[in-house]
Amino acid sequence: MAQMDASSQVAQLIQQAGEAQKKLETYDQVAVDELVIAAAWALINPVNNQKLSELAVAETGLGNVADKITKNHRKTLGLLRDLKEAKTVGVINRDPKNGIVEIARPVGIVGAIVPSTNPVATPMNMILNALKCRNAIILSPSPKGQPSCTRLIELIYLELDRIGAPRNLVQTLPTPVSKDLSMEMLKQVDLVVVTGSQNNVRAAYTCGTPAFGVGAGNVTSLIDETADLVSAAAKIKASKTFDNATSCSSENSLVIVDSVYKDMLAALEAVNACLLTPEETANLQSVLWHKGHLNAAMLAKPVGVMCELAGITRKAACEADLLMVKETGAGADFPFSGEKMALVLALYRAQDFDHAKQVAAEILNYQGKGHSLSLHSQAIDRAETLGLEMPVCRVIVNQAHCFATGGSFDNGLPFSLSMGCGTWGGNVTDQNVHYRHFMNVTKVVQTIPAREVSIADIFADYQLRYLS
């Protein structure tokens with residue numbers, strides 16, 4: 001497709017989106033909230049969720065249907081909880097003390113890049129955030145995930161028709177999605193939100209349009225000598241195996257303090273995790289990576305499939321829910337120290353908690369810097385120590401990591417499928433990307449009683465200490 005062709009196609013979508021967005025800009029808060037609920041019902045409807053989840057797994061070969069259904073439901077319902085009381089139209093805050101009134105304004109047209117790992121949950125999250133702030137949105141799904149993403153939009157159209165809202169508030173790039181089309185979309189929209197590969201994030205950051213991107217995940221979990229090992233093992237297994245480890249928030253490495261290493265290994269084996277032998281580990285490594293990249297045939301596949309491809313025949317391994325390998329270092333020479341997006345955990349043995357922090361830092365500095373870290377411990381003060389010392393934006397304490405990082409009903413993080421990683425991860429935000437990132441806020445500023453200061457007010461202590 002010629003560049004001009006791509007430009008013209010995207011320009012047509014932009015025009016349609018702009019016209020629809022101007023209508024949406026006239027909606028009051030009640031009408032906006034009804035629009036959000038209508039769009040969300042396209043996925044919350046159990047019949048739709050089932051069909052979309054089946055389609056997503058069939059077309060991408062990633063994950064499993066039951067967990068897709070759960071993810072689509074909980075992530076969407078949780079986001080609706082977050083959006084329910086949020087003000088996004090007109091005056092959203094009055095601060096008489098400082099003489100400032102804040103007014104919510106739409107950003108215009110949002111362009112969103114959608115990963116193949118979550119071709120339904122992620123676009124729905126972005127669509128609802130965009131609509132809540134009176135924006136139109138254009139999606140660029142991955143080629144593998146395009147059928148289910150397109151079907152989701154068709155179902156949303158039925159709900160928009162029901163309430164008389166413009167269909168062109170939500171659009172997708174035409175099939176087949178190409179790099180030219182995606183790049184043109186990034187250039188022509190008003191705001192870009194990108195979740196997925198770091199290549200896509202870098203493309204978004206260089207397109208000339210304001211962009212929210214995410215960093216690479218490579219979650220490390222620390223287990224110290226005070227941890228409830230049975231609870232930790234159950235949570236780690238539930239998190240790591242969910243949707244066959246498609247989440248960037250799934251644990252990839254465990255750093256276990258020496259004094260509880262054997263007991264923690266036993267607790268993991270009790271939940272049907274299997275530690276591979278050195279020979280099996282070498283076989284797995286030889287096929288999990290191909291020419292320096294993760295082998296697509298191994299990603300998010302059941303353990304039985306992985307064992308077959310790796311030539312592992314031991315019954316305990318083939319019938320496990322999760323594989324474990326011993327690792328001693330971090331970096332390119334230790335590939336298991338990186339993100340795997342497969343049902344494999346790397347195990348590290350640390351002398352004590354200080355050594356565990358050192359090991360975790362080495363892993364993060366290789367991959368996953370900025371994203372998140374988890375701690376299983378009864379010494380809660382250690383969580384704040386990690387927050388003070390480690391280069392991550394989230395420290396998840398005694399929780400199943402992939403459920404907690406993107407917001408959960410039992411923690412205070414906003415529901416999101418896009419985790420900003422701050423400057424550590426090359427991102428402009430350190431937050432879970434949520435609705436406040438989809439709006440502009442105009443400040444109306446009045447005068448207040450002057451709060452002037454003198455040199456003495458500011459420099460008195462300094463002068464007394466150093467200049468007297």
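Figure 1. Q171 is found in strand β5, which spans residues 170-172; strands (E, at least two residues) and helices (H or I, at least four residues) are DSSP runs numbered from the N terminus. The structure is a predicted model, in which local features need pLDDT of at least 70 and side-chain atom pairs count only at pLDDT 80 or more, whereas totals for chains, interfaces and linings use all residues. Residues are numbered from 1 along each chain as its sequence is written, and side-chain values use heavy atoms, with hydrogens and water left out. Is Q171 buried or exposed? Q171 has a relative accessible area of 4% and is therefore buried (buried means under 20% relative accessible area, exposed over 50%, and partly exposed in between, with a 1.4 Å probe and protein chains only). A polar atom of the Q171 side chain lies 3.4 Å from the backbone oxygen of N168. Apart from neighbours within four places in sequence, Q171 is in contact (heavy atoms within 4.5 Å) with L13, Q16, A17, I137, I138, L139, I153 and Y157.

**Figure 2. The side chains of E280 and R314.** E280 belongs to helix α11, residues 278-288. The relative accessibility of E280 is 9%, so this residue counts as buried. The side chains of E280 and R314 make a polar contact at 2.7 Å. A polar contact is a pair of N or O atoms within 3.5 Å; within protein, one must be able to donate a hydrogen and the other to accept it, and residues adjacent in sequence count only if both atoms are side-chain atoms. When residues up to four places away in sequence are not counted, E280 touches I312 and R314.

Figure 3. The volume of the second largest pocket is about 160 Å³. On a 1 Å grid over the protein atoms alone, a pocket is an open set of points with protein on both sides within 12 Å along at least five of seven lines, a cavity is a set where a 1.4 Å probe fits but cannot get out, and lining residues have an atom within 4 Å of a point. Grid points are joined across faces, edges and corners, and a volume is the space filled by probe spheres set on the points. Among the residues that line this pocket are Y261, K326, Y348 and E362. Both β14 (344-350) and α14 (353-366) supply at least two lining residues each. By class, the lining has six nonpolar, two polar and four charged residues (Ala, Val, Leu, Ile, Met, Phe, Trp, Tyr, Cys and Pro count as nonpolar, Asp, Glu, Lys and Arg as charged, and the others, Gly among them, as polar).

**Figure 4. The largest cavity.** A search of the whole structure finds one cavity of 30 Å³ or more. The largest cavity holds about 30 Å³ of space. Its lining consists of A56, K68, K71, N72, N118, P119, V120 and A121. Helix α4 (residues 65-84) gives the largest share of this lining, three residues.

Figure 5. The whole structure contains zero disulfides, a disulfide being a pair of cysteine sulfur atoms within 2.5 Å. C307 is in no disulfide either, and the nearest cysteine sulfur, in C318, is 4.2 Å away. C207 is buried at 11% relative accessibility, and C307 is buried at 0%.
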